[in-house]
2 protein chains.
Amino acid sequence: MTKKPATIRDVARLSGVSTATVSRFFSGKESVIAPETVASVRTAAQALGYTPSEIGRSLRLARSNVVMMLVPDATNPFTADVAASVEQSLNGIGLSMVLANASENADQQDRLLADAEGLRARAVILQGAIDTPRLREMALRHNNLIFVNRRPAKDITAPYVGIDNFAAGVAVGRYFSRQGYKNYVAIHGPRPFSGSIERLDGFLEGLGRPSVLQFESSYKMEAGYHQALNFLADRSRRYSVFCGNDMIAYGVYRAAAELNVRVPEDLVIFGFDDNRLNEWLAPWLTTVKVPAFDFGPAVAALIDGPSGNGRQQSTILPFELKIRHSA
Amino acid sequence: MTKKPATIRDVARLSGVSTATVSRFFSGKESVIAPETVASVRTAAQALGYTPSEIGRSLRLARSNVVMMLVPDATNPFTADVAASVEQSLNGIGLSMVLANASENADQQDRLLADAEGLRARAVILQGAIDTPRLREMALRHNNLIFVNRRPAKDITAPYVGIDNFAAGVAVGRYFSRQGYKNYVAIHGPRPFSGSIERLDGFLEGLGRPSVLQFESSYKMEAGYHQALNFLADRSRRYSVFCGNDMIAYGVYRAAAELNVRVPEDLVIFGFDDNRLNEWLAPWLTTVKVPAFDFGPAVAALIDGPSGNGRQQSTILPFELKIRHSA
DNA sequence: CTGAAAGCGCTTACAG
DNA sequence: CTGAAAGCGCTTACAG
């Protein structure tokens with residue numbers, strides 16, 4: 001800052017009123033103030049370019065208007081859409097959202113949780129939480145944690161917004177089984193993410209638990225690509241692959257393309273999320289559609305109200321199988 | 001928050017020292033404190049689950065550790081990569097980054113600028129700034145604005161980090177001209193973004209200013225798709241299209257696919273950014289590569305130092321034509 | 001090595 | 001309708 005910003009005292013002085021009155025003006029209590037006073041405060045504030053300090057206000061009110069969202073990977077389009085949806089809903093109730101990248105890394109997540117405490121964040125939204133001691137401890141101390149897209153660990157009580165991952169896995173497993181696919185492969189997400197395991201377990205359940213080749217992978221194209229190389233070399237079988245998310249599926253698809261493996265003739269691919277890229281760049285991908293834009297209102301409802309004690313129940317969003325070309 | 005968080009006073013009380021000493025411990029002045037004192041403070045803080053309030057600290061120090069980045073569209077993968085790069089570099093020097101979506105909307109941008117002032121953000125990074133009165137006024141009042149990827153308006157003095165968009169446009173124009181392309185089309189980004197016009201003007205310059213069909217478009221797939229429909233109906237010509245960014249190019253490509261227009265035989269497409277999706281989902285796209293991951297260090301260098309007065313000169317990053325299949 | 005004290009920018013119950 | 005005053009959680013120059 002070149003000049004230091006004007007304070008409430010500067011405005012009070014210039015308009016010849018007390019800071020209390022200026023404060024009332026900026027806290028939406030204009031109706032209590034005499035019209036002439038309102039006018040003079042407004043003029044003074046404008047002349048000084050005054051914007052109330054959120055810091056001062058937060059300190060006084062003992063709560064900030066900042067909500068922090070932790071995401072495992074901000075470059076994932078599905079994650080970005082969920083974040084955009086939540087941000088919009090939050091703005092609608094006067095809150096700001098801060099986005100931070102945990103990068104699928106437990107230490108990084110814990111560091112950011114500490115930051116959120118330091119900022120006295122109004123709420124912490126965890127997209128794809130990793131179960132760590134720090135997180136458990138924080139859940140004990142606060143009731144402002146919201147889990148999105150992946151459930152909290154069993155013994156953490158906190159609201160969850162997202163689909164029923166197990167049920168979705170079951171639906172995919174049943175579909176595979178009905179279609180008569182063979183040579184099942186599951187490239188699931190990291191085990192520390194509860195959602196990864198739920199999707200996998202559901203899939204096994206839906207299949208009726210026959211043998212399934214399992215690979216653990218981060219939720220990235222690169223990882224899906226490398227995992228696919230593990231089994232695609234064997235050209236004698238037609239594998240049918242359930243991917244932990246669409247990004248993994250893109251990676252598998254690319255590996256197939258490079259090896260001249262045809263989809264779906266020689267390889268079946270099923271994704272998860274139905275991120276917006278599918279419509280434009282991967283219209284061939286059969287996947288589970290998760291309604292990214294329904295997250296915002298559901299999350300906002302959990303924070304709503306000045307007291308911050310929105311209802312604490314979880315919201316289970318619907319999912320849908322989107323059958324397209326690849327399966 | 002269930003219980004209200006512990007304060008520095010609680011820790012002081014429990015450990016039997018003054019708040020000054022606790023403060024010193026948490027501000028990295030441990031070396032000044034007697035070892036036994038350190039130990040007792042540490043124990044007390046742990047017992048109470050104490051995390052220093054960033055709000056109290058910010059108020060006292062009259063500066064926060066928060067940097068706000070405004071992006072035109074967080075779901076654009078290029079934008080997301082630049083943001084990730086900047087965030088990482090900022091974290092490296094103890095700063096937090098807040099991401100907010102201006103959504104290519106002047107009013108929304110101005111609202112967020114006000115938020116940034118309220119938060120007393122250490123710096124405001126504008127990816128794709130829109131030239132508004134509010135922005136000019138703010139540039140006058142502060143010296144903590146950093147323009148990324150699109151230059152500030154001519155009469156705003158603030159550092160810029162990004163490529164030379166005009167030069168990149170020239171390079172593409174020359175390439176079109178050398179290849180003997182005809183029926184030039186430019187689908188450029190919104191005029192309020194200086195970068196859009198620089199790319200377009202450069203393109204015209206490189207071409208030698210022959211007639212060019214021009215369409216203004218937001219930087220989105222949807223928009224590129226709809227703009228392409230304007231000229232793709234005319235099957236008698238082989239158009240050669242310079243797109244304002246890769247997202248627009250994806251939209252054009254989809255329109256072509258739907259109309260059975262072959263690329264590059266019947267239609268030439270040139271993108272801009274070379275976002276990470278190209279490697280995986282659009283390996284056919286010829287484009288201008290902008291080094292997304294070089295932005296972070298360059299931006300951090302402008303903020304560096306506790307006084308916050310990093311060198312104020314701009315950084316011009318290199319660009320590169322990536323010739324692939326579509327042009 | 002340590003503490004008492006002032007003050008950062010706000011808001012609000014209280015009194016008028 | 002308005003103001004004086006207390007206090008939110010910190011840090012730091014000053015004194016010891």
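Helix 2 and helix 4 of chain A, together with helix 2 and helix 4 of chain B, each supply at least two residues of the surface near DNA strand D. Here helices (H or I, at least four residues) and strands (E, at least two) are DSSP runs, numbered from the N terminus. This is a predicted model, in which local features need pLDDT of at least 70 and side-chain atom pairs count only at pLDDT 80 or more, while totals for chains, interfaces and linings use all residues. Residues are numbered from 1 along each chain as its sequence is written, and chains are lettered from A and ligands numbered from 1 in the order in which they are written.

**Around the DNA**

- Of the 27 residues around DNA strand D, those that come nearest are Ala34(A), Ile8(B), Ser23(B), Ser53(B) and Gly56(B), where a residue is near a strand if its C-beta atom, placed from the backbone, lies within 6 Å of it.
- The surface near DNA strand D is made up of 13 nonpolar, 10 polar and four charged residues; Ala, Val, Leu, Ile, Met, Phe, Trp, Tyr, Cys and Pro count as nonpolar, Asp, Glu, Lys and Arg as charged, and the others, Gly among them, as polar.
- DNA strand C is surrounded by 27 residues, of which Ile8(A), Ser23(A), Ser53(A), Gly56(A) and Ala34(B) are the closest.
- For the surface near DNA strand C, helix 2 (19-26) and helix 4 (54-61) of chain A, and helix 2 (19-26) and helix 4 (54-61) of chain B, each supply at least two residues.

**An annotated span**

- The unreviewed UniProt entry lists residues 6-61 of chain A as "domain: HTH lacI-type", and such annotations, given in the numbering used here with feature names shortened, may be inferred rather than shown by experiment.
- This span, residues 6-61 of chain A, is 68% helix and 0% strand, and its end C-alpha atoms lie 20 Å apart.

**Between the chains**

- The contact takes 42 residues from chain A and 42 residues from chain B, counting two residues as in contact if their C-beta atoms, placed from the backbone, lie within 7 Å.
- On the side of chain A that touches chain B, the largest share, six residues, comes from helix 5 of chain A.

**A sheet in chain A**

- Four strands of chain A form an open sheet in the order 7-6-8-9 with parallel pairing, where two strands pair if DSSP finds at least two bridges between them.
- Strand 7 (213-216) and strand 9 (267-270) of chain A stand at the edges with a single partner strand each, so one side of each has no neighbour in the sheet.
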